[in-house]
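Biologist: Please take one part of this model and go through it closely, in plain terms. I would like to see how it sits among its surroundings.

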Amino acid sequence: MSKEDLIKRNCAEIINEGKIKGFMKRGFAYCGYECSGEIHLGHLVTILKLLDLQKAGIKVKVLLADWHTWLNQKGDWKFVNTQVNHWEKGFKAFGLKTEIIKGTSFQKKPDYFEDILKLALKLTVNRGVRAMQEVARNIENAKISQIIYPLMQIEDVKKLGINFVVGGLDQRKIYALGIDQGKEIGLQECVYLFTPIIPSLKGPGSKMSSSDESSLISIRDSKEVIKKKIKKAYCKKGDKENNPLLLIAKLIIFSKFGKLDVKRDDKFGGNLNFDSYEKLEKAFESGKLHSADLKQGVAGALEKIIAPIRMGWK
Ligand code: STL
C-alpha cells in the first residue's frame, strides 16, 4: 500500500484530500481526547489512524484535552487530573512514538484567548451549540463553557501547527466551524481525516461511549470480559451497517493484522482464514460465517491486540 493510501484508508470522510501529498513532507498530525472514563475500541480507531500517519513518515501529537474535559462537565479538577494521568499511561502503552501534550500546558496564553474571542465575535450561539450536538454532555442545557469548547478546539489546530487533523466523525461539525471562520485567526489549511464511529455493542442507536460500560470494550478489560462482552454483542444477520463486530474487524483487526482467523470445529467445516475485510463481510452476509464464529474470531484477535496494551498499562 502506498503511503497516501495508508493515510486515506478506513476514513469515513476526508476534507482537502488533494492536499495530502503536499503535507506529507513536513506535516504534523494530531488527535485530541477528552480524558474521562475508559479508553475503548472507539479511541483505538483514531489511534490506529495516527499509527498509519506515523508509518507514512508524519510526526504525530496526542492532545490530552484536560480543559475541554472540564468544560464539558465531566468532573472537577481532581477527577480530570487523575484521568489525565491514567490516559497518559494508556497512550504510552500503545507504542505510538508521539509527543503527548496536555491542553492546559499551552492554552493559558493571552494570545490563545484573544483568538477565542475573535472567533466568538463571528459565530452565533446557535451554530456553536449545533457543532457540539454529538459531543456535549447534557446538550439540552448547554452551558456557555460548551460553546467555548469548539472554539478552543479550532485554536488548538493553529497553536499545535497541525496539517493532519484526526478525529471521529462526531467531531466533524466542530472542525467545519474552523474551516468556515479560520481566516479570523489565520488558521492554516489542513487535511481532515474523520474516522467512522463504532456503534455500541448493544446495537443500533448509540455509539461506543466511555460513559456506558456495557457499550464498550476497554483496553483494561480482561480476556474473559472481552469474551463475555463480545458474546452478548448485537450481531444480527443481514444488518451489516450497525454490526459493531464487523466494524471492529474492519477498523481495528484488519488495520492491525491484515487478516482474521476463525477457529471452527471440523464438523462445522473447519477453520476459516480471511485475508481481506471484504471476504469476511461477504461470508457473514451469505451465512457461510455464523455469528457465533465471527464473535469467537473477533474476541480472539482483540485479545491479541489488547493483551500487550493491558500489560504496558500496569
Ligand atoms: C469527546 C470524546 C473523545 C474525544 C473528544 C471529545 C475530542 C476532544 C478534543 C478536544 C480538543 C481538541 C481536539 C479534540 O483540540 O473521545 O467527547
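Modeller: The buried residues of helix 10 pack against helix 8 (125-131), helix 9 (145-159), strand 5 (164-168) and strand 6 (191-195). The model is predicted, so local features need pLDDT of at least 70 and side-chain atom pairs 80 or more, while totals for chains, interfaces and linings use all residues. Residues are numbered from 1 along each chain as its sequence is written. Helices (DSSP H or I, at least four residues) and strands (E, at least two) are numbered from the N terminus. Packing rests on contacts (C-beta atoms, placed from the backbone, within 7 Å).

Helix 10 covers residues 172-181, and its buried residues are Ile174, Tyr175, Leu177 and Gly178. Seen down the axis of helix 10, these residues fall within an arc of 140° (taken from the directions from axis to C-beta atoms), so they line one face of the helix. Buried means 20 or more other C-beta atoms within 10 Å of a residue's own.

Strand 5 and strand 6, against which helix 10 packs, belong to an open sheet of six strands in the order 1-6-5-2-3-4, with mixed pairing. Strand 1 (13-15) and strand 4 (98-102) stand at the edges with a single partner strand each, so one side of each has no neighbour in the sheet. From one strand to the next, the twist averages 20°. Strands pair when DSSP finds at least two bridges between them. Strand 3 (residues 59-64) and strand 4 pair in the parallel sense over five bridges. Leu63 has Ile101, in strand 4, as its bridge partner.

Helix 3 (residues 41-55) packs on the sheet too, touching strand 2, strand 3, strand 5 and strand 6, and its direction makes about 160° with that of strand 5. Helix 5 (residues 77-92) touches strand 2, strand 3 and strand 4, and its direction makes about 155° with that of strand 3. Such angles, from 0 to 180 degrees, lie between N-to-C directions of lines fitted to C-alpha atoms, for helices over the stretch in contact.

Helix 3 contains Asp52. Asp52 is buried because 24 other C-beta atoms lie within 10 Å. Apart from its neighbours within four places in sequence, Asp52 is in contact with Leu6, Ile7 and Arg9. Pro110 is 58 residues from Asp52 in sequence, and 35 Å from Asp52 in space, C-alpha to C-alpha.

Technical notes: A residue is buried if 20 or more other C-beta atoms lie within 10 Å of its own, exposed if 12 or fewer, and partly exposed in between; C-beta atoms are placed from the backbone. Two residues are in contact if their C-beta atoms, placed from the backbone, lie within 7 Å.
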